[in-house]
Amino acid sequence: MIIYGVAILAFCHLAGLIVGRLLGAAMGIDANIGGVGFAMLLLIFITGWLRAHGQLPEQSKNGILFWSAMYIPIVIAMASIQNVAAAVSGGVVAVVTGIAANIACLLLVPVLSRIGGVEPPLPATEGEKV
Amino acid sequence: MEIAHDILVKNGLVFAFLFVGLILWLSYRASDLLSRGRIHGSAIAIIVGLVFAWAGGAATGGSKGLSDVTLFSGLAIMGGAMLRDFAIVSTAFGVDLKEIKRAGISGVLALIFGVVVSFVVGALVALAFGYTDPVSLTTIGGGAATYIVGPVTGTALGASSEVVALSVAAGLVKSVLVMVGTPWVAPLIGLNNPKSAMVFGGLMGTTSGVAGGLAATDKRLVPYGAMTATFYTGLGCLLGPSLIYLVIKTMFAI
């Protein structure tokens, strides 16, 4: 059933966020450290285990894949609720800070990516649609 | 008209699905017609979303973009942290764990560099604009990390509300720039494989920026970038008010 896939996803999401929160609390800060990341790892492990044991039927998979396919639409909705007005009216200092931090970090991407060897690009896809 | 408005408001989330569907459809049409598909449809859609966010914020004076307009309040659910994180987690399905392990060291280094470099750059810009006290410098540096690290750092250190607001604005500028700019700079910085995506996520750190920027570049990179970015804000909140503040304070005590 599709709901099984959605439920597995929901379990991973919640368990990951709880772990991230606990990690934050253990370090004495009021923030979630890596919750989504832990949730992702959990999903990889759980679905991997289920698949290896033949316990992940197509329908359950679809429950997860649906949300994966909804990712871009959700990101569009996310873009539309950003506080862009505040970013625009933040003044010169805010704009310069944002741009400078961006450029500095972008320049480091190729440098750090080279550690341990350069990876080949992902294969091209034929006009992938959402 | 009033009845229709009433129905749309009461079914806000459903209307958000329709609204976003229309934006995407128009964006993909525009991508095909105007750029022959060279500019990714989702990149256009994100820019359209941001323009709407600006218009909504400018019209209402609120802080949640278009969703502050009652008719579009459902966007706050669809694009809020809950469903965003849910969808991000779902993209991990089918990810190869070997890829993540292989990029492990680069990813961790990227996180540390990302946080530290952002603080340093932010503090330097603040210094150039005449701020000299360590608390303000650190807070604005935090804003250069993300719009959450800035206020968390500022509140912990007791920065003035003006400086905290400035750090939030700086973080928002960064986040918006990452969303819009990533597809354009991706070819220049080799952002086309899982490893560089993990490095990218760790360096940029803003979850919404990375989520939007990678979605517009290549959706297959999303889980890798999101994986590292998710540790960034926590790390920034951890280091900002403690280690980084102490270093900045010591430098200015000399």
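The model is predicted, and local features need pLDDT of at least 70, side-chain atom pairs count only at pLDDT 80 or more, while totals for chains, interfaces and linings use all residues. Residues are numbered from 1 along each chain as its sequence is written, and chains are lettered from A and ligands numbered from 1 in the order in which they are written.

**Where the chains meet**

The contact between the chains draws 69 residues from chain A and 96 residues from chain B; two residues are in contact if their C-beta atoms, placed from the backbone, lie within 7 Å. On the chain A side, α1, α2, α3, α4, α5 and α6 each supply at least two residues, and α6(A) gives the largest share, 18 residues. Helices here are DSSP runs (H or I, at least four residues), numbered from the N terminus. By class, that side of chain A holds 49 nonpolar, 19 polar and one charged residue. In this scheme Ala, Val, Leu, Ile, Met, Phe, Trp, Tyr, Cys and Pro count as nonpolar, Asp, Glu, Lys and Arg as charged, and the others, Gly among them, as polar.

**The core**

The largest nonpolar core has 124 residues, and those with the most contacts inside it are Leu43(A), Val75(A), Ile76(A) and Val89(B). Such a core is a set of buried Ala, Val, Leu, Ile, Met, Phe, Trp, Tyr and Cys residues joined through C-beta atoms within 7 Å. Buried means that 20 or more other C-beta atoms, placed from the backbone, lie within 10 Å of a residue's own. Helix α13 of chain B (residues 222–253) gives the most to this core, with 14 residues. Leaving out residues up to four places away in sequence, Leu43(A) touches Leu9(A) and Cys12(A), as well as Val89(B), Ala92(B) and Phe93(B) of the other chain.

**Domains**

In chain B, six residues of domain 1 are in contact with seven residues of domain 2. The domain 1 side of that contact has four nonpolar, two polar and no charged residues.

**Local details**

In chain B, the axes of helix α3 (residues 41–60) and helix α12 (residues 207–217) come within 7 Å and cross at roughly 145°. Axes are lines fitted to C-alpha atoms, for helices over the stretch in contact, and angles run from 0 to 180 degrees between N-to-C directions. Ser42(B), Ala43(B) and Ile46(B) of α3(B) meet Gly212(B), Ala215(B) and Ala216(B) of α12(B).

Helix α9 of chain B (residues 149–157) is mostly covered, with seven of its nine residues buried; among them are Pro151(B) and Leu157(B). Gly158(B) follows α9(B) and has a positive phi, near 75°.

Over in chain A, Gly5(A) lies in helix α1. Gly5(A) is buried because 25 other C-beta atoms lie within 10 Å. The residues that Gly5(A) touches, not counting those up to four places away in sequence, are Ser60(A), Lys61(A), Asn62(A), Gly63(A) and Ile64(A).

Note on methods: A residue is buried if 20 or more other C-beta atoms lie within 10 Å of its own, exposed if 12 or fewer, and partly exposed in between; C-beta atoms are placed from the backbone.
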